[in-house]
Amino acid sequence: MFSFWEKQQYLGKYDVIIIGSGFTGLCAGITLLKSQPALRVAIIESAIIGTLASSRNAGFMCYGSPSELGTDIGNQSTANSLAMIRAKHKGMKLLLQFAGKRNIQFKKVAAYELLDKTAPATTAALEHIDALNGLFQEAIGIPQYFSQTTKPHFADGFQDAIAFAYEGQLNPAATVYALTQLFRNLGGIHLNATTAQGLEKSEGHFEVPTNLGTLQSKQVIVATNAFTSALIPSSQIQPKRAQVLLTSPIAKMPYLGNFHMDFGYVYFRNVGNRLLLGGARNTNFESENSAKPELNPLIQSVLDTLLVKLLPHQNYTIEDRWAGIMGFDVKNRPQVRVLDSNLLLVAGMNGMGTALGPALGYEAANILLSDRFTGHKAMRIKAFL
Ligand SMILES: Cc1cc2nc3c(=O)[nH]c(=O)nc-3n(C[C@H](O)[C@H](O)[C@H](O)COP(=O)(O)OP(=O)(O)OC[C@H]3O[C@@H](n4cnc5c(N)ncnc54)[C@H](O)[C@@H]3O)c2cc1C
């Protein structure tokens, strides 16, 4: 039961409802209100605190590793590869601008892909390094983003690496918090523990039934990433689980910065003097095609084994483990789609949403604000084809 005042404040009619409060939805909401402060905009989020990906991710602000990007450039046109690098670059800048570097504990850090001589990822990485450097130069003006190195000596078996020009580290929950605060300060209504149970088109508006009651809005942006198919089955976004672990403080932390391995499926970084290690869903794709944010002991034991190799002579315990859910587009390309007049979908960040989410949320908001938002047919926005 809600009071008259609460109904007026939270359950009245909106100009725009954004479903999903990760980096994508929040940046869409902020963009809308920065441009049109008089709009009544709500963001609804089913998680009680935070989100199911953005606030529980590993906190890498990155373009991807050479073995991962090398595989991608083999599967898409040069124009698309350039568009993706540019979108990530733009998303990084937007996120820092909106959330503020200090608020999110942002650090520019060294980054590497570690090369195991016998692994297929090593061949793929080395094969594509020149082509990738050409693309990065053209897209963002950095001449040699990736360079081969033997300088850092990590644990045995991990001495060869490709060094990146830079990457970023941030605190994901602090980032969601900072974006939420900005959205609220701009006049947005933000509701956690609120789930959209459907989406119904009515005359001149959408009805969004939720556990709080039915909300009405002229326009809707669906930014639910992994969970998009429940609301928009034609999106064909697939959920994929990601899991991480975090060690206790380590006396002599050998790894400062961001580290990638194995086509981007494995990643680790320092969190102060702790080590965060995550990924390995490639060791059991089937079980990890899951929308349940639960730990899988099989994947965790793969991470445990790797951790022992990475930190052979160190004393530590594993203090935390958690899981979150990523959204993948079937063609591995993020979607910004006008589905109907006044209904927009932005999802499929493919495990790269720290950079992509803000860029695509911004793009979605600008489509909604522009005259282009009149289409009745599903379409993908050209830059992200
Ligand atoms: C463990 C882990 C580590 C990762 N590490 C990195 C990394 O280091 N760097 C990187 O770039 N990316 C990383 N990712 C991926 C990244 O977190 C995502 O790509 C990004 O957060 C997606 O942002 P989003 O806003 O599109 O989606 P989300 O953050 O998933 O937000 C969508 C929200 O919609 C909500 N929702 C869904 N359905 C409904 C509904 N019906 N009603 C209301 N709300 C709903 C969900 O609860 C969810 O919180 C990682 C992901 C995980 C899980």
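Reader: Where does the ligand lie relative to domain 1 and domain 2?

Author: Between them. This is a predicted model. Domain 1 (4–56 + 173–235 + 331–384) and domain 2 (238–328) both give residues to the shell around the ligand, so the ligand sits between the two.

Reader: How many residues surround the ligand, and which are the closest?

Author: The count is 36. Thr24, Glu45, Ser54, Ala196 and Gly353 are the closest.

Reader: Which polar atoms lie by the ligand's oxygen and nitrogen atoms?

Author: Glu45 puts a polar side-chain atom 2.6 Å from a ligand oxygen. Ala196 has a polar backbone atom 2.9 Å from a ligand nitrogen. Thr354 has a backbone N or O atom 3.1 Å from an oxygen of the ligand.

Reader: And how much of the ligand does the protein bury?

Author: 97% of the 990 Å² that the ligand exposes when taken alone.

Reader: Which element gives the largest share of the shell?

Author: β15, with 3 residues. α2 (23–35), β15 (318–328) and α10 (353–369) each supply at least two.

Reader: What's the shell like by class?

Author: 17 nonpolar, 17 polar and 2 charged residues.

Reader: New topic. Which residues of α3 are buried?

Author: α3 covers residues 66–75. Pro66, Ser67, Glu68, Leu69, Gly70 and Ile73 are buried there.

Reader: What do those buried residues pack against?

Author: Two helices, α4 (78–99) and α5 (120–140), are among the partners. The strands β4 (107–115), β5 (146–149) and β6 (160–169) are on the list too.

Definitions and conventions. Residues are numbered from 1 along each chain as its sequence is written. This is a predicted model: local features need pLDDT of at least 70, side-chain atom pairs count only at pLDDT 80 or more; totals for chains, interfaces and linings use all residues. Side-chain values use heavy atoms; hydrogens and water are left out. A residue is near a molecule or strand if one of its heavy atoms lies within 4 Å of it. A polar contact is a pair of N or O atoms within 3.5 Å; within protein, one must be able to donate a hydrogen and the other to accept it, and residues adjacent in sequence count only if both atoms are side-chain atoms. Accessible areas come from the Shrake-Rupley method with a 1.4 Å probe; for residues, only the protein chains shown count as cover. Helices (H or I, at least four residues) and strands (E, at least two) are DSSP runs, numbered from the N terminus. Ala, Val, Leu, Ile, Met, Phe, Trp, Tyr, Cys and Pro count as nonpolar, Asp, Glu, Lys and Arg as charged, and the others, Gly among them, as polar. Domain bounds come from an automatic or database domain assignment. Buried means under 20% relative accessible area, exposed over 50%, partly exposed in between (1.4 Å probe, protein chains only). Contact means heavy atoms within 4.5 Å.
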